[in-house]
Amino acid sequence: MRIPWLKNRNTQAKLGVFIAKQRVDICALSAGNEAISVLDSVALSDMSALVKTLDEMVTKHHLQAASCHVVLSNQVYQLLQIDKPNVPDNEIASSLPFIAKEFINEAIDTVVFDYFSVPNQNKINLVYCPKSVVELIVTAMQQAKLELVSIGIEELATANLFNTRAGDEQKTTQMLIAQQDYQEINLTIIYDNQLYFSRRLRGFSRLRDLQENQLDSPLLDNFSLEIQRSADFVVSQLKLPEVKAINLALPSAILEPLITRIQLNFTTPVTPLTHAIITDNVDIGFLPAIGGALEKL
């Protein structure tokens, strides 16, 4: 979601700011795009506290005038895949409010729409969130004197963690399974720097609470079944190469034993998510903010 009326400034610092109902996270991309700095995470008592909280965070870390990519928590937007409208590509954005009437219950004038294409399919991903949330973010950015470049969503931000430059490596199909706090788990498929598919795996939010003596739980077999269904869909419907790796970014205190247990159900490698410029000890809760900082890298 681009905010065209904001003044453009010549700035060097680039921030990723993740905004959820209960917290704000800030990460920064270092000079030369060589490292990520995890700067801060502050709890929100309510979204209405965003303006004051963000201003205090920016002042604390001397970030005024930095360019900023905001990433929204999936708590505050909806994502729907629909048939591509039968209009010229340059008219899709303006047609969204009329098209969306068929798919949403909210009043059209109370929400903000955006979309992104589904590669190799005649479909688009429709994204919408309350207009009040966008207005609040714009006010917070202006108050904190940040340059707001874009407002994105979790699925696209975390897909940035798989971006490669031309010639860096062979194209591969990657699966990312990520979870924030106690939200539902997001499963995304990334191929050739593009998000091809995403779904929320409902009913598995308590995976993070499993202890080592609970790893024989049927929950993990059901979880593996959902992963396999998505992997099969990649080949049969999306016509992509088979998934090369299943990357887990779950807030579990026993992630390694959990991965070992899940690996029993797959020949495809199951691994913790890694990235060349993210250190091993980074809290995976910061992944959306990190993905925001990596936007357009």
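Modeller: The largest cavity has a volume of about 60 Å³. A cavity here is a set of points, on a 1 Å grid over the protein atoms alone, where a 1.4 Å probe fits but cannot get out, and lining residues have an atom within 4 Å of a point. Grid points are joined across faces, edges and corners, and a volume is the space filled by probe spheres set on the points. The structure holds one cavity of 30 Å³ or more.

This is a predicted model, in which local features need pLDDT of at least 70 and side-chain atom pairs count only at pLDDT 80 or more, while totals for chains, interfaces and linings use all residues. Residues are numbered from 1 along each chain as its sequence is written, and side-chain values use heavy atoms, with hydrogens and water left out.

The lining of the largest cavity is made up of Glu154, Glu155, Thr158, Leu176, Ala178, Gln179, Gln180, Asn186, Thr188 and Pro288. Two or more of these residues come from each of helix H4 (154-159), strand S9 (173-178) and strand S10 (185-191). H4 gives the largest share, three residues. Helices (H or I, at least four residues) and strands (E, at least two) are DSSP runs, numbered from the N terminus. By class, the lining has three nonpolar, five polar and two charged residues. For this count, Ala, Val, Leu, Ile, Met, Phe, Trp, Tyr, Cys and Pro are nonpolar, Asp, Glu, Lys and Arg are charged, and the others, Gly among them, are polar.

Asn186 counts as buried because its relative accessibility is 6%; buried means under 20% relative accessible area, exposed over 50%, and partly exposed in between (1.4 Å probe, protein chains only). Residues up to four places away in sequence aside, Asn186 touches Asn74, Glu154, Glu155, Leu176, Ile177, Ala178, Arg199 and Arg200, where contact means heavy atoms within 4.5 Å.

Helix H4 also holds Ala157, which is buried with a relative accessible area of 4%. Not counting residues up to four places away in sequence, Ala157 touches Val71, Pro288, Gly291 and Gly292.

A pocket is an open set of points with protein on both sides within 12 Å along at least five of seven lines. The second largest pocket has a volume of about 540 Å³. Of the 26 residues that line this pocket, Phe116, Gly152, Ile153, Leu156 and Glu295 are the closest to its centre. The pocket lining divides into 13 nonpolar, nine polar and four charged residues.

As for the chain around these features, it has seven helices and 13 strands. Its radius of gyration is 19 Å, close to the 19 Å that the globule rule gives for 297 residues, so the chain is as compact as a globular protein of that length. That radius is taken over C-alpha atoms, and the rule is 2.2 Å times the number of residues to the power 0.38. Of the 297 residues, 49% count as buried.
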